[in-house]
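Colleague: Please take a close look at one part of this model, the sheet. Take me through the strand pairing first, then the residues around it.

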Amino acid sequence: MATDGEHYLIEIPDLNESPYDIVPVVLNNRTYYFEYKWNIREQKAYLAIYILVNNNKNYLLRSTGITLYNDIAKYIHDKDNWSGELYFKPISLDTIWSYNQQNISTDYQLSYIPE
């Protein structure tokens, strides 16, 4: 994970190689698990976020389709365990604004902005 000033840039795993992947991400000194799924029928990525509480998954975000520049964090129901904004965006402004299974990990990223 890189940082760009106040933004934390989170890489997206290669969903072409593995259409289902769970990646631990540390934000605000807490480990969150980002669960990615590629839906081949819809040609769209879905993201769920959970934390572990007593070795049980506590989902903060259920599987939600990701779209460009939409604040994914507004769908998080457990605000006690999450603060900040989370956006899906292209790495470069030259990127085509239509992601697919092949380019999502190379041309797009998540941007976390803490509160």
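Modeller: Strand β4 (residues 30-39) pairs with strand β5 (residues 44-53) in the antiparallel sense, over seven bridges. Strands here are DSSP runs of E, at least two residues long, and helices are runs of H or I, at least four residues long; both are numbered from the N terminus. Two strands pair if DSSP finds at least two bridges between them. Y36 has its bridge partner in β5, namely L47.

This is a predicted model, so local features need pLDDT of at least 70 and side-chain atom pairs count only at pLDDT 80 or more, while totals for chains, interfaces and linings use all residues. Residues are numbered from 1 along each chain as its sequence is written, and side-chain values use heavy atoms, with hydrogens and water left out.

Now the other side of β4. β3 and β4 also pair in the antiparallel sense, over eight bridges. The hairpin of β3 and β4 has two residues between the strands, and N28 takes a positive phi near 50° there. V26 is in strand β3. Its opposite number in β4 is T31. V26 counts as partly exposed, because its relative accessibility is 46% and that class lies between buried (under 20% relative accessible area) and exposed (over 50%), with a 1.4 Å probe and protein chains only. V26 and I10 are 16 residues apart in sequence, and their C-alpha atoms are 10.0 Å apart in space.

Put together, the four strands form an open sheet in the order β3-β4-β5-β6, with antiparallel pairing. β3 (20-27) and β6 stand at the edges; each has a single partner strand, so one side of each is left without a neighbour in the sheet. The twist averages 25° from one strand to the next. Axes for such angles are lines fitted to C-alpha atoms, for helices over the stretch in contact, and the angles run from 0 to 180 degrees between N-to-C directions.

Next, a residue beyond β6. N81 sits in the loop between β6 (56-65) and β7. N81 is buried, at 17% relative accessibility. Leaving aside residues up to four places away in sequence, N81 touches R30, Y32, I51, N58 and L60. Contact means heavy atoms within 4.5 Å.

Last, W97. This residue lies in the loop between β7 (85-90) and α1 (104-107). W97 is exposed, with a relative accessible area of 53%.
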